[in-house]
Amino acid sequence: FVLGMGGYGFYNNMTYVNAGNYRLTGGYGGLLLESIIAANSPVHASLSMLIGGGGITRFRTDVYFWDPFYDLPFTGYFIFVPGVELELNLVKFFRLAFGVDYRLTSDIYLKDASGNLIVPTHALRGFAGHLVLKFGAF
């Protein structure tokens with residue numbers, strides 16, 4: 001069983017709206033719980049979940065952050081991420097894992113200066129794949 005902390009960051013283009021020179025960026029993190037099945041086997045599985053919070057903003061790629069007329073909206077959200085991994089024991093202190101998870105967030109209300117929603121409230125929900133490098137005493 002694993003009890004720890006996890007943190008993630010993201011940066012992407014906003015393809016779901018006519019966004020012009022805007023990008024979406026943010027991050028999330030929280031408590032990580034993981035159950036490892038047959039941990040001493042060279043190849044094994046694990047079930048994980050992350051429970052925490054995060055923040056999201058959008059920014060323009062063609063202006064500087066210190067521009068006094070720059071609109072930099074921000075909002076926070078709750079996140080729950082259940083996942084499954086296939087893990088390989090490579091050496092005594094190092095494991096490599098491949099996995100898939102599903103990000104489930106509270107509704108995201110990221111608004112511009114006029115009060116219009118910038119992204120759909122479900123913008124971060126969905127499946128994701130990941131590669132994890134694990135170091136430690138196992």
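Which residues does Ser48 touch, not counting residues up to four places away in sequence? Select Ser48 and look for Leu32, Leu33, Glu34, Val81, Pro82 and Gly83. Contact means heavy atoms within 4.5 Å.

The model is predicted: local features need pLDDT of at least 70, side-chain atom pairs count only at pLDDT 80 or more, and totals for chains, interfaces and linings use all residues. Residues are numbered from 1 along each chain as its sequence is written, and side-chain values use heavy atoms, with hydrogens and water left out.

Stay on Ser48. Ser48 sits in strand β3; strands are DSSP runs of E, at least two residues, numbered from the N terminus. Ser48 counts as buried because its relative accessibility is 17% (buried is under 20% relative accessible area, 1.4 Å probe, protein chains only).

Next, the core. The largest nonpolar core has 13 residues. Such a core is a set of buried Ala, Val, Leu, Ile, Met, Phe, Trp, Tyr and Cys residues joined through side-chain atoms within 4.5 Å. Select Tyr28, Ile56, Tyr77, Ile108 and Leu110, which have the most contacts inside this core. β2, β3 and β4 each supply at least two of its residues. β4 gives the most, with three.

Now pick Ile56. Not counting residues up to four places away in sequence, Ile56 touches Phe10, Leu24, Thr25, Gly26, Pro73, Phe74, Thr75, Tyr77, Ile108, Leu110 and Leu124.

Terms used. Helices (H or I, at least four residues) and strands (E, at least two) are DSSP runs, numbered from the N terminus. Buried means under 20% relative accessible area, exposed over 50%, partly exposed in between (1.4 Å probe, protein chains only).
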